[in-house]
Amino acid sequence: MKDKKEIEEKIFLDPWGSVLIEDYTKLLAEFGIEPFTNVLDFVPNPHRFMRRNIIFGHRDYQRIAQAIREQMPFAVMSGFMPSGKAHFGNKMVMEEIIWHQKSGGDAYVGIADMEAHSVRGISWNTCKQLGIEEYVLNIIALGLEEGAIIYFQSRSRDVRDLAFELGIEANFSELKGIYGFSGETTISHMVSVIVQCADILMPQLGKYDGPKPVVVPVGPDQDPHLRLTRDLATRTRLFSIERKDSYIRVRSRRNPELLKPLASIFETAKVKIYEGHIDVYGIEPEKADVEIRKFELKHGGTGFILPSSTYHRFMSGLTGGKMSSSNPESYIAMNEKPDEGYKKIMRAKTGGRVTVEEQRKLGGVPESCSVYEMLLFHLVEDDKELAEIYSECRGGRRICGTCKKETAERLSIFLKNLAEGREEARERLKEYHIIM
Ligand code: TRP
Ligand code: SF4
């Protein structure tokens, strides 16, 4: 009993729970997620989520920013669980995938039917139907281009094989430590975890042109999966490199007998061979990294580069509190009828005052207004225009009634266009590479 409580206190990120993450700064400190503001200046034409600090954190994003700037190969990958309606939280991930694709990355979209089936009990048929109608059609309607690889986990032999391979490196104690799994957790739930790790590493397989930086845009609840994936990626490597002041030290946990042959690839650099490691002098670590990875790939290693990730703030619910799939009033679905969306905004909780007089005198509180949040996250692209709305609200020059109407109008136009986009996408579905 005590054990369980300790576990519950320790885990504060639960991928299958529905915690509202209140304190994002704590998250940064506790799990080693870096503030996104550290890399923002290196990103060409940042997405509005980046500019507005809605994407608040990252791991290793500098690698991605560099690949974008230097037009080097990289990929973006994320997954969607087809367990219900796609909502505006999912739309955020979709936009992030599309933005990276347009910035030069290869895009991978996973439909997590194995997770939905094993963890949520959704039938395979429903997974397929929701996968297409809610996720695939919407991401194409939002602008995903043909080059993307879209797949259902259960239909991808590559993902399933890689998952099996990664499973060799992970044991039950570890999953228990990360997710609080117990003796009651089903095997297939655990399998779905390792499949998600495979989703994230698949873009680096030889078949997909080998190791490359990959960014995974997600909400912070998914971070445990990223930490596990990064650990597993490290363990599949044949070599590890440690930077010292004037040299690099290379070790091999799996195949120490390969260190000697490895030593001979460094033509100009001076190499000292020891029992269990080699030290290489006079070589740039970046260059050594590239050479060692090439050698590793020839000798059956994965050469995986640690995946990068970004983390966005969650939207709060339209009714106050959190968005919840069990309360349709709390969120806007991507497939919402435009007039339904309109009505939901008109009924939403605002940061307004009790009377119009008070509003004029004191101003509204956009920070605690779900209508403002819709504008901030989704409906106003132009930063100046948004700033204008913000200061009008604060200054009491904006009144909730008209503000809601205006927002509801923007939303219903967006939903109408999106529905048309889905029908066009349906026509063009054959032009996409979909593994299903
Ligand atoms: N577990 C994710 C969710 O519940 C979905 C997912 C599956 C995913 N595979 C992924 C997310 C790979 C990011 C990367 O939403
Ligand atoms: Fe929210 Fe608009 Fe009212 Fe301000 S005026 S509190 S932004 S609904």
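The model is predicted, so local features need pLDDT of at least 70 and side-chain atom pairs count only at pLDDT 80 or more, while totals for chains, interfaces and linings use all residues. Residues are numbered from 1 along each chain as its sequence is written, chains are lettered from A and ligands numbered from 1 in the order in which they are written, and side-chain values use heavy atoms, without hydrogens and water.

I399 belongs to the loop between helix 18 and helix 19 (helices are DSSP runs of H or I with at least four residues, strands are E runs of at least two, and both are numbered from the N terminus).

**Helix 18.** Select residues 383-394 next. These twelve residues should span 16 Å at 1.5 Å a residue, and the end C-alpha atoms are 16 Å apart, in agreement; the expected span is 1.5 Å times one less than the number of residues. Which residues of helix 18 are buried? They are L386, I389 and C393. Because their arc around the axis covers only 60 degrees, they lie on the same side of helix 18; the arc is taken from the directions from the helix axis to the C-beta atoms. An α-helix has 3.6 residues a turn, so residues three or four places apart point the same way.

**Ligand 2.** Keep C393 selected and show ligand 2, whose surrounding residues are T350, G351, G352, Q359, C369, V371, Y372, C393, R398, C400 and C403 (each has a heavy atom within 4 Å of the ligand). Helix 17 (370-379) and helix 19 (400-428) are the elements that give two or more residues to this shell. By type, the shell holds six nonpolar residues, four polar and one charged; Ala, Val, Leu, Ile, Met, Phe, Trp, Tyr, Cys and Pro count as nonpolar, Asp, Glu, Lys and Arg as charged, and the others, Gly among them, as polar. The ligand sits in the largest cavity. A cavity is a set of points, on a 1 Å grid over the protein atoms alone, where a 1.4 Å probe fits but cannot get out, and sitting in it requires more than half of the molecule's atoms within 2 Å of its grid points.

**E373.** Helix 17 also contains E373. Is E373 buried or exposed? It counts as buried, because its relative accessibility is 10%. Select G317 with it: the C-alpha atoms are 9.7 Å apart, and the sequence separation is 56 residues.

**P220.** Go to the loop between strand 6 (214-218) and helix 12 (223-236), where P220 is placed. P220 is buried, at 0% relative accessibility. Between the C-alpha atoms of P220 and D14 there are 9.4 Å, for 206 residues along the chain.

**Helix 2.** Select residues 24-31: Y24, L27, L28 and F31 are the buried residues here. Viewed down the axis of helix 2, they fall within an arc of 105 degrees and therefore line one face. T25 and A29 are exposed on the face turned away from the buried side of helix 2.

**Two positive phi values.** N45 is not a glycine, yet its phi is positive, about 40 degrees. It lies in the loop between helix 3 (37-40) and helix 4 (48-51) and counts as exposed at 66% relative accessibility. D60, also a residue other than glycine, has a positive phi near 50 degrees; look for D60 in the loop between strand 2 (55-59) and helix 5 (61-70).

**Last stop.** Select K244, in the loop between strand 7 (240-243) and strand 8 (247-251). K244 is partly exposed, because its relative accessible area is 30%. Its C-alpha atom is 54 Å from that of F414, 170 residues away along the chain.

Definitions and conventions
1 Å grid on protein atoms, 1.4 Å probe; cavity = no way out; pocket = protein on both sides within 12 Å on 5 of 7 lines; lining within 4 Å. Buried < 20%, exposed > 50% of the residue type's maximum accessible area, 1.4 Å probe, protein only.
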